[in-house]
Amino acid sequence: MLSFGGFGGSERNVFGFFPEEIFLRPSEGSAEKEYHGYFPISFVLVSGSGYREFSHRDVLGSLISLGIKREMIGDIYLIDPYNAYVAVIESVADFICRDLEYVSRDKVKTRIADKGEVPEKEQKFEDISLTVSSMRLDAVVASLLCLARDKAKKLIDEGRVSINHEAVFAYDRDVREGDVLSVKGYGRFKTDALLGQTSKGRHRVVVRKYI
């Protein structure tokens, strides 16, 4: 089984199931890269006029408004405020190119991009240093978002907090190094490093916020 979303490190992926003997034959590169071509993924380049900026949310909202189901849309990579590459299931690529006319009230042009022209996805981060009483999920969320512990627990109860893309409802779930923590309405974060404890027993943590 392999997963691929069109971009290296993509979050939304298609799973592919292959016979075992495929992986036993000689390959110059990795088996994963060799079989990326079997995944039904196309890239649509969405280009604005250059006079009005748009965001990831703007592009996604415009695609959803066409009646396209969310599961047909993969990662959206904004290479600048006016251009974005969108990974989509190939069966909807032509439809998008034909019917997508506006993003955030800006007239856009679309075309199916060659896979070779799509740049590697560059993820930008902002580093945040925290000192938390414990590595419990509610404590980390409260410190990270500058909220009272009760408000952090409410976010967890509402299913708005996920770790590694799965909703977590346990307040006492430990946050570990390398975990990706998402809070709907607040953003996405990655626990980059655990730096040990202070003399008072508090935990020093470096968290990277996706921007």
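In this predicted model, six strands come together as an open sheet, running in the order S9-S14-S13-S12-S10-S11 with antiparallel pairing. As background, strands in a sheet are held to one another by backbone hydrogen bonds, in either a parallel or an antiparallel arrangement.

Zooming in on one pairing, S10 (residues 161-163) and S12 (residues 180-183) meet in the antiparallel sense over 3 bridges. Serine 162 has serine 182 of S12 as its bridge partner.

A helix goes with this sheet too. H4, made up of residues 137-145, lies across S9, S10 and S12, and also across S13 (187-197) and S14 (203-210). Relative to S9, the direction of H4 is turned by about 120°.

Stepping back to the whole protein, there are 5 helices and 14 strands, and the C-alpha atoms fill a box of roughly 60 × 50 × 25 Å along the principal axes. Of the 211 residues, 38% count as buried. Looking at contacts between residues at least 6 apart in sequence, 55% join residues at least 24 apart.

On the charge side, the tally is 31 positive and 32 negative side chains. The centres of these two sets lie 7 Å apart.

Conventions:
Residues are numbered from 1 along each chain as its sequence is written. This is a predicted model: local features need pLDDT of at least 70, side-chain atom pairs count only at pLDDT 80 or more; totals for chains, interfaces and linings use all residues. Side-chain values use heavy atoms; hydrogens and water are left out. Helices (H or I, at least four residues) and strands (E, at least two) are DSSP runs, numbered from the N terminus. Buried means under 20% relative accessible area, exposed over 50%, partly exposed in between (1.4 Å probe, protein chains only). Contact means heavy atoms within 4.5 Å. Lys and Arg count as positive and Asp and Glu as negative; His and the chain ends are not counted. The place of a charge is taken as NZ of Lys, CZ of Arg, CG of Asp or CD of Glu. Two strands pair if DSSP finds at least two bridges between them. Axes are lines fitted to C-alpha atoms, for helices over the stretch in contact, and angles run from 0 to 180 degrees between N-to-C directions.
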